[in-house]
Amino acid sequence: MSSHVYKYTNGDTARNEFYSENNCETKRLSSSGYDYNNNSIPTDLICAVCHAEYRNPKLLPCLHTFCKRCLEKYVECLDGDYYVKCPFCGTRRKIKSRSDDGHACLDELVSDFVALNSLDACAINVNELSDASCSNCSTRAQSRCSECAVFLCANCQRAHKNNKQTKNHNVCSLALLGLKSDQILHTGDYCKTHAGQTLTHFCRTCDRAVCNDCTFLDHPKDGHSVTELSDVSPTQRRQLAEILSGVRQKVPFLKRTLLDIDSVLQSLPDNADAVAREIARTTESFIQTLRQRQEELLDELTKLCAHKATVLHEQKSRIQSELEILEDNCQASEKILRNGSNSEIATVNNLVYKRLEFLRNMKLNVEADENSEFGYDSGSEKLKSEILNTGEVFLVNTSSPLKVLGDGLQDAAVGKFASFTVATSEKCELFSGDLDIRIETPDSVLLECDVTHSGNLCNVVYNPKVPGENEISVTFRGEHLPDSPICVNVKDGHVIYAQKKTKCVTFGHRGSAPGCLNQPCDVAVRNNGHILLADTSNHRVQIFDANGKFISNFGKPGGSFGQLTYPSGIAISPRGHVIVSDYGNHRVQVFTSGSVYLRSFGGKGSAEGLIDHPIGVAVDEEGHVVVVDQDNHRVQVFDENGKFLRQFGCYGNGNGQLDRPMYVAISPDGDVFVTDSRNHRVQIFDADGRYRESLGERGTNDGEFYYPTGISIDAAGYVVVSDQTARIQVFNPELQFVTKLEPRSVDKLECPMGIDYNPEGKIIIVDKECSNVKILYP
């Protein structure tokens, strides 16, 4: 068995030798027995350029990974500077280092440790683990530290666990290593300057991880701000998790935009055809109008022609009559002049003269009253201009510069925090006062909501108070968004309890596979009905839909960040973060809604802010985290960032004293209810931790408790408590006993623990002994 796989004594030299480009395939295959050339290699370890497994994978600023040798093909020289261009997205990264021949040297690029660790995990031949030697003393190894990438014998493992810097590292036995398919392997991070030295510190001044030798030589503490990696890592992880959460919030908007684009592309031809039909209809209408005008003009022409003919005929008849009279009179006058004597002419002279004078003075029609011509002004130029300017096809922009998405727009229940997000377009600049968000209850009261801005995203959190149609209005510069106002049917989060047998739906069974449970201890229900479980003995959190169908899980055994040891309590913050009481690690861990580790606080101890076996956890309306510090017999309150605020309770059986408290719930009025297990009661404190009153006493009668465990308060203020007699008792807001929830014998409770209610008010209970979940309702 090759020592390259198991022992990295020479830092990057060993790694580079093992992953040398010339011998990569040969050495991996010969040393591990793992065939990298078959189809079993994971696709995320395949380079998109060479289509083979990564060789010396380098991570670019755009977070795309390629082989170093492949990236050398994408080096560009611009204005004397060298850049490497991402083959996938085109992002450029300036290269400052130079090789001996003056060309760009890509060694300064960050190695993709995720890919390297995955390659190492594939390279480990589990059939040869029994032959591995301790990396420190060369005796037979019994375990492997995945953080340091070293093998350990029994003695070195104890020393490893006793070391302050490595006590929380994930050390796994070699026997289990061959069985755990999800075991994360870390090949070790070594200093590039000092061979063989692991990176243990962080230089804030230079913003880089350094080894112990660096802190004396290259990064002396008198001129550099140097701290241990274990001290700076929580902050870095939190910062990355927070910004990751913000980035992930953009994902549903982009997916929604893609769906909108697909919808637009699908309807685009139909809408274009509709406009084309409208254009054809309008054009045909114009043609019909022109034809109608044609008929009108032709009719008018016919009438004008007939009028002219009538006038001319009348003129003709009149002139013909006048001509006939004129010719007759002329002929008669000529006869008189030609045949008449002087006396005869003298006799008729006056008569004839007057007649002829009348005829001479008579108006003479020398032209026709009408001609044969017709005038026509088509107005064609004006008409052509009008036609050419008639109609317009233009783009219609009905999109809004803002878009609203989130479960809080569809799913909401009284007492369950709901949220939604408003995203602004990159083309839109948002100023103070531009955005107005209002939530109005059915009784016309404005509900208070918490609005936070992060980049171009605006997160809105609200806690519904009144069931029914709540109206969410989102306006931008006084104008409603397209879907605004949005009506959300807020469920009442309460059922009417009766004395009759309780109906029960059960899901889950004992096991370690996804969806199986092992002694679950607590439950939390989101506003959309999803059920989150503290799967205690599987050291994880599991998520199911409202019907008990498995969705996902997160967490694994261990003491590192994001790892869990017997998680026993779970709650959901107003921002959707998942709060988990990490019982065995004496801390509380916070995960984003996407199950990414965000932060942790606590640590074993009895001082303020330290915790000894936390169990129950709840979150109040202000986002304060209320933790049951079981073995310190107290309750501690932290802000949403894990800063200690106050504590109350101490060991004892008097008022306000606690003896092994279990779980906690917050009433609609903000009071804190704690199951005081060994005192067989529920104690009630105000929001500031002042004792108010107690509920119950030791016993098995109605209203009495025997080691009470879980507790929940529904939207109507009804208190639901479980105890070790496998009873679920319900009390009204005045703390009067109402009923016991008793499922059928086939669904009998054996060890009920954590309790919560879903949006419909049904009671969700985890049964630790049965390793299942029961949903109870009347």
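**Group meeting talk: a walk through a predicted chain**

Hi everyone. Let me start with one serine. If we set aside the residues within four places of it in sequence, Ser-333 is in contact with Val-352 and Leu-356. Ser-333 sits in helix α9. Is Ser-333 buried or exposed? Its relative accessible area is 11%, and since buried means under 20%, Ser-333 counts as buried.

Before I go on, please keep in mind that this is a predicted model.

Now, the overall picture. The chain has 778 residues, and 42% of them are buried. How many helices and strands does the secondary structure of the chain come to? There are 11 helices and 45 strands. As for the contacts, take those between residues at least 6 apart in sequence: 49% of these join residues at least 24 apart. The accessible surface of the chain is about 41,800 Å², and carbon and sulfur atoms account for 49% of that surface.

Helix α9 covers residues 250-339, and helix α10 covers residues 342-361. They pack with their axes 11 Å apart, at an angle of about 155°.

Who makes the contact? On the α9 side we have Ile-325, Leu-326, Asn-329, Ser-333, Ile-336 and Asn-339. On the α10 side we have Glu-344, Ile-345, Val-348, Val-352, Arg-355, Leu-356 and Leu-359. By residue class, the contact of α9 with α10 has eight nonpolar residues, three polar and two charged.

Met-362 has a relative accessible area of 27%, which makes it partly exposed. Here is a distance you can check in your viewer: the C-alpha atoms of Met-362 and Glu-322 are separated by 9.8 Å, while the two residues are 40 apart along the chain.

Helix α8 covers residues 229-248, and its axis comes within 4 Å of the axis of α9. The two axes cross at roughly 15°. Angles under 35 degrees count as roughly parallel, so α8 is roughly parallel to α9. Which residues make the contact? From α8 they are Gly-246, Val-247 and Arg-248, and from α9 they are Lys-250, Val-251 and Pro-252. This set divides into three nonpolar, one polar and two charged residues.

Gln-197 lies between α7 (174-177) and β10 (199-203). Its relative accessibility is 29%, so Gln-197 counts as partly exposed. Which residues does Gln-197 contact, leaving aside its neighbours within four places in sequence? The list is Asp-189, Tyr-190, Cys-191, Cys-211 and Asp-213. There is a C-alpha distance for this one as well: Gln-197 and Val-210 are 13 residues apart along the chain, with their C-alpha atoms separated by 9.1 Å.

Gln-519 is not a glycine, yet its phi is positive, near 55°. Gln-519 is in the loop between β22 (503-507) and β23 (522-525), and with a relative accessible area of 29% it is partly exposed. His-586 also has a positive phi, about 55°, although it is not a glycine. His-586 lies in the loop between β28 (578-582) and β29 (587-591). Is His-586 buried or exposed? At 10% relative accessibility, His-586 counts as buried.

I will finish with another serine, Ser-667. Where is Ser-667? Ser-667 is in the loop between β35 (661-666) and β36 (672-676). Its relative accessible area is 11%, so Ser-667 is buried. Leaving aside neighbours within four places in sequence, Ser-667 is in contact with Phe-673 and Ile-713.

Note on methods:
Residues numbered from 1 in each chain as written. Predicted model: local features only at pLDDT ≥ 70, side-chain atom pairs only at ≥ 80, totals over all residues. Heavy atoms only, no water. Helix = DSSP H or I, 4+ residues; strand = E, 2+ residues; numbered from the N terminus. Buried < 20%, exposed > 50% of the residue type's maximum accessible area, 1.4 Å probe, protein only. Contact = heavy atoms within 4.5 Å. Areas by Shrake-Rupley, 256 points an atom, 1.4 Å probe, with all protein chains shown as cover. Axes fitted to C-alpha atoms, helices over the stretch in contact; angles between N-to-C directions. Nonpolar A, V, L, I, M, F, W, Y, C, P; charged D, E, K, R; others polar. Parallel < 35°, antiparallel > 145°, perpendicular 65-115°, else oblique.
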